[in-house]
Structures are given as C-alpha cells and as structure tokens.
Amino acid sequence: MEDLLRVGVISSTHGIRGEVKVFPTTDDVNRFKKLKKVLLDTGKEKLALEVENVKFFKQFAILKFKGIDNINDIEKYKGKDLLVTRDQAVPLEKDEFFICDLIDCVGYTENGTEVGKLTEVMQTGANDVFVFKRANGKEVLVPYIDQCVTAVDIEKKKIELHLLDGMMTD
C-alpha cells in the first residue's frame with residue numbers, strides 16, 4: 001500500500017504573495033480546511049510545507065504556505081503533486097477504498113476466472129468504473145456497484161466480480 005496519498009496538484013500561482021491554485025484530487029475539497037501540513041513532490045525530493053491559509057475559488061483550493069511569501073518562490077512548482085501521509089488521510093467509510101490501493105488488484109469472476117488487472121478507476125458522475133486490462137490487452141469496464149463488484153480484498157489484491165452479459169468479450 002502507498003504511504004503517501006495525493007490530495008491535489010498545483011495548477012498555477014494565485015497573486016504575487018506566494019499563494020497557489022490547487023486542483024483537488026480528493027473527493028472532499030473541504031478536507032483542505034483541516035489540512036495543516038503537506039508534502040510537495042518536487043520530482044527530486046519531498047518538501048514539508050505548513051499550510052497557513054486556505055480559501056476556495058470555483059473548483060480550486062487556494063493555499064498559502066508558511067514561509068513562502070513571493071510568487072517567485074512557488075512558481076517553479078506548477079504541476080507538482082501535494083501529498084499527505086496515510087495517517088492524515090480522510091477516514092474511509094465501509095466499502096470505500098483509496099484508488100491507489102485498488103490499482104494492480106486482480107479481478108476474478110465468482111467462479112474463479114481471471115478477468116485482468118485493475119489499471120484505472122474512472123470517476124463518472126453516477127458511479128466509478130473499474131478498468132481491468134486482460135492478458136490479451138483488451139479492457140473490461142466494470143461499474144463499481146454492488147451488483148458487479150461483490151468483494152474487495154486489498155490485502156490479497158483481489159476483487160471478486162459478477163460480470164453481466166456482454167461485459168467481457170474475447
């Protein structure tokens with residue numbers, strides 16, 4: 001399991017005083033209100049930053065970090081990830097999972113037939129869709145609904161599926 005979870009991506013600067021617009025990659029944008037510290041993944045290292053102020057604009061969170069007071073100090077980090085440690089993550093409800101924990105799980109039908117490896121979770125408006133890559137390179141799309149995803153075992157990296165007619169073609 002991943003120890004660091006991405007909560008957002010710095011999309012651009014905001015003003016000249018070191019604030020940044022952050023595109024949230026978390027389900028709950030309001031989680032930024034409670035966030036005290038983040039790790040900035042520069043590509044070479046992970047910088048620990050203390051969140052000084054948070055406000056919101058459209059779909060973005062506007063963050064101000066302690067000690068970064070100038071646009072020139074933060075501009076170079078556009079496009080970089082903001083991470084939190086797993087213990088800072090939002091608590092999960094029953095049958096909720098972090099996407100990073102689901103990736104690379106193997107899907108099986110209820111009779112034990114391997115469907116493929118989970119490579120992506122598409123977030124649609126109605127429900128998430130699991131994308132399994134088969135050994136032949138084809139993809140199987142499975143909606144994350146009780147009728148189709150019957151069990152998830154993160155520890156064993158295994159997902160049990162009930163495939164409806166036409167979901168898996170050869």
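Let me start with the second largest pocket, which is lined by Asp28, Asn30, Arg31, Lys34, Leu35, Lys36, Gln88, Ala89, Val90 and Pro91. By class, that lining has four nonpolar, two polar and four charged residues. Its space comes to about 160 Å³.

Before going on: this is a predicted model, where local features need pLDDT of at least 70, side-chain atom pairs count only at pLDDT 80 or more, and totals for chains, interfaces and linings use all residues. Residues are numbered from 1 along each chain as its sequence is written, and side-chain values use heavy atoms, without hydrogens and water.

On pockets: a pocket is an open set of points on a 1 Å grid over the protein atoms alone, where a 1.4 Å probe fits, with protein on both sides within 12 Å along at least five of seven lines; lining residues have an atom within 4 Å of a point. The volume is the space filled by probe spheres set on the points.

The largest pocket holds about 750 Å³. It has 28 lining residues, and Thr25, Asp27, Phe97, Phe98 and Ile99 are the closest to its centre. The lining splits into 17 nonpolar, three polar and eight charged residues. At least two residues each come from β1, β6, α2 (99-102), β8 (114-123) and β9 (128-133), with β1 giving the largest share, four residues. Helices (H or I, at least four residues) and strands (E, at least two) are DSSP runs, numbered from the N terminus.

Next, the cores. A nonpolar core joins buried Ala, Val, Leu, Ile, Met, Phe, Trp, Tyr and Cys residues through side-chain atoms within 4.5 Å, buried being under 20% relative accessible area with a 1.4 Å probe, protein chains only. The largest has 21 residues, of which Val38, Leu63, Phe65 and Leu82 touch the most other members. Two or more residues each come from β1 (4-14), β2 (19-24), β3 (37-41), β4 (46-57), β5 (60-65) and β6 (81-85). Another core, of 16 residues, lies apart from it, and includes Leu102, Val140, Cys148 and Leu163.

Contact means heavy atoms within 4.5 Å. Beyond four places in sequence, Leu63 touches residues including Phe32, Val51, Val54 and Leu82.

Last, Lys64, in strand β5. Is Lys64 buried or exposed? Lys64 counts as buried because its relative accessibility is 9%. Its side chain makes a polar contact, at 2.7 Å, with the side chain of Asp69; such a contact is a pair of N or O atoms within 3.5 Å, one able to donate a hydrogen and the other to accept it. Outside four places in sequence, Lys64 also contacts residues including Arg17, Glu19, Glu50 and Glu52.

Technical notes:
Buried < 20%, exposed > 50% of the residue type's maximum accessible area, 1.4 Å probe, protein only. Nonpolar A, V, L, I, M, F, W, Y, C, P; charged D, E, K, R; others polar.
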